[in-house]
Amino acid sequence: MSTRPVSSLSLRPSTRTKLIKAGFQTIKDLQETTLIELSKDKVTSISASEALQQERKLCPISTSCEAMDQMLGGRGVPIGKITEFCGAPGMGKTQLGMQLCVNVQIPHNLSGPGGEAIFIDTEGSFIAHRAAEIAKATITKLNENTVAGDDSLMNFENVMSRIYVSKVHNCDELIALMKILDEFLQEHPNVKLLVIDSIAFHFRQQFDDMALRTRLLNGLAQDLNKFAQTYELAVVLFNQMTTKFKLSRDYNVKDQAALVPALGESWGHQCTNRIVLYWRNEVRCAQLVKSPNLQETTVHYQINSDGFRDYLSNLNNNGKRRWEEEKIIQDNT
């Protein structure tokens, strides 16, 4: 029994991997180790300088909208973090998700992560035909300046085969999927993007017990944070909007209503970055409303036949990005 390999034990896949990496091959190795020694192997710490260097090595995922990339820090959606996009229907959330699934595969020598993607579809909104259109347009654009035979050339069939789509029909299936995702990520180490579209859909419809919903959402957020940091991938969540009423105590003043991200205020603390998508004067806008290190900024974008792109008027006649002008205006107000 003492010679039984650690790899055969009924443990979480991540736990088995950590034990094997720490040098534990058999049960005998574990029996000869104290709990304190085991905890030392599990607990590691690094300096802030080392953490900064690690973050700089992680290649963000471009959104194909330069203004959006700049708003998110310069190069796109960050790896190792949870980024949430909130918006009403028709804002292009699903198409942004498909665009990111393609862009995460941009090779390293073209300043991309060179990874794969998981798209968890809770609403039945993932349309393979539309994903193929976005993939073809992106590949054509990237390959324009690439020499034939270069390893940087992206292949349509390869791109589509590296997007893993999972459809879930209720919150139980979503939570169950989170529990087996650990093993899938170990078997697919190139996955650098996890998309959930949308995070709110089932949780808004199935629950009367709000305390239970909050506990389940908190557990889900912990799993997503662990995936982002352990496997160095970007977690992108799409959220819906809901109407929040502010009751007035003054009889002569009407109650006020506003659109806010769904799932409540406590959920808003679970993501690293939060962007709200909305319409203004028939133009799609994206506003960064929460970030630990980025300034609140608003940019414009569009959805066209090629996918998620810069809004044409983001460039003025002098070639200067309109989002930069808006940022300067905000800095001075």
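Leaving aside neighbours within four places in sequence, Lys93 is in contact (heavy atoms within 4.5 Å) with Phe85, Cys86, Gly87, Ala88, Phe238, Asn239 and Leu277. The model is predicted: local features need pLDDT of at least 70 and side-chain atom pairs count only at pLDDT 80 or more, while totals for chains, interfaces and linings use all residues. Residues are numbered from 1 along each chain as its sequence is written, and side-chain values use heavy atoms, with hydrogens and water left out.

Lys93 lies in helix α6 (residues 93-103); helices (H or I, at least four residues) and strands (E, at least two) are DSSP runs numbered from the N terminus. Lys93 is buried (under 20% relative accessible area, with exposed over 50% and partly exposed in between; 1.4 Å probe, protein chains only) and has no salt bridge. A salt bridge is defined as a side-chain nitrogen of Lys or Arg within 4 Å of a carboxyl oxygen of Asp or Glu. The nearest side chain of opposite charge to Lys93 is Asp197, 6.2 Å away. The side chain of Lys93 reaches the backbone oxygen of Ala88 at 3.1 Å.

The search of the whole structure finds six salt bridges. In one of them, the side chains of Arg274 and Glu84 meet at 2.6 Å, N to O. This pair links strand β8 (residues 273-280), which holds Arg274, to strand β1 (residues 82-87), which holds Glu84, across 190 residues. Both partners are buried, Arg274 with a relative accessible area of 11% and Glu84 with 0%.

Lys167 and Asp121 form a salt bridge at 2.8 Å, N to O. Lys167 in strand β3 (residues 163-167) and Asp121 in strand β2 (residues 116-121) are 46 residues apart. Lys167 is partly exposed at 45% relative accessibility, whereas Asp121 is buried at 1%.

Arg130 and Glu133 meet at 3.0 Å, N to O. These residues are three apart in helix α7 (residues 128-143), so about one helical turn separates them. Arg130 counts as buried at 13% relative accessibility and Glu133 as partly exposed at 33%.

Key. Lys and Arg count as positive and Asp and Glu as negative; His and the chain ends are not counted. A polar contact is a pair of N or O atoms within 3.5 Å; within protein, one must be able to donate a hydrogen and the other to accept it, and residues adjacent in sequence count only if both atoms are side-chain atoms.
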